[in-house]
Amino acid sequence: MNLVARVIAEGLPTRFFHVAQFGYDTHAVQAGPHARLLAELDAALDAFLSELEARDQLDRVLVVTISDFGRRVAQNGRNRDAGTDHGAASVQMLFGGGIEPGLHGPPPDLDALDANGNVPHRVDFREVYASVRTRWLGLRAEDDVDRGHRPHSCVRG
């Protein structure tokens with residue numbers, strides 16, 4: 001993230017960066033590793049966004065978190081062995097100068113799970129991607145790979 005901040009601050013014409021954090025694919029003994037990973041993510045994002053803000057570059061950057069899986073509500077194991085299996089819905093976070101701040105979409109209803117025990121999503125990630133493509137990158141809606149998904153209000157137009 002430090003290198004990405006430096007490249008952005010130098011004004012190089014790179015439009016996309018991909019940075020990965022691994023280790024979330026746990027099904028048991030989850031609390032400790034997830035707490036450590038989320039603390040690392042928090043520190044990295046805070047340093048990155050603070051650096052961009054200090055260099056007056058924050059309005060040029062949109063950070064979008066993605067995950068290839070969510071989590072189930074049902075717990076595996078007990079006490080220190082507790083964990084959860086992969087699920088359908090997840091959390092997506094956006095940071096930067098071009099977002100509408102706050103929480104978007106209603107909170108999950110943990111009592112209304114689907115037949116597989118998944119939390120149904122309330123905001124379709126393809127709507128978030130559509131808003132990034134059309135509102136942030138300036139692509140035409142008809143060029144969207146996910147046709148039929150209207151841009152979400154999370155990214156400013």
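**Salt bridges and their surroundings**

Reply: Happy to! Arg36 and Glu40 sit four residues apart in helix α2 (residues 31-54), which puts about one helical turn between them. Keep in mind that this is a predicted model.

Me: Why is the contact between Arg36 and Glu40 called a salt bridge?

Reply: The closest N and O atoms of Arg36 and Glu40 are 3.0 Å apart. The cut-off is within 4 Å, so the pair qualifies. The structure holds four salt bridges, and this is one of them.

Me: How do you know whether Arg36 is buried, partly exposed or exposed?

Reply: Arg36 has 46% relative accessibility. Buried would need under 20% and exposed over 50%, so Arg36 is partly exposed. Glu40, at 39%, is partly exposed too.

Me: What makes the pair of Arg156 and Glu100 a tie between separate parts of the chain?

Reply: Their closest N and O atoms are 3.3 Å apart, which makes a salt bridge. Arg156 lies in the segment after α3 (125-136) and Glu100 in the loop between β4 (94-96) and α3, so the pair joins parts 56 residues apart in sequence. Arg156 is partly exposed at 37%, and Glu100 is partly exposed at 35%.

Me: Asp124 and Arg126 also meet in a salt bridge. Why do Asp124 and Arg126 get the accessibility labels they do?

Reply: Asp124 has a relative accessible area of 11%, which is under 20%, so Asp124 is buried. Arg126 has 30%, between the 20% and 50% limits, so Arg126 is partly exposed. Their N to O distance is 2.7 Å, within the 4 Å cut-off.

Technical notes: Residues numbered from 1 in each chain as written. Predicted model: local features only at pLDDT ≥ 70, side-chain atom pairs only at ≥ 80, totals over all residues. Heavy atoms only, no water. Salt bridge = Lys/Arg side-chain N within 4 Å of Asp/Glu carboxyl O. Helix = DSSP H or I, 4+ residues; strand = E, 2+ residues; numbered from the N terminus. Buried < 20%, exposed > 50% of the residue type's maximum accessible area, 1.4 Å probe, protein only.
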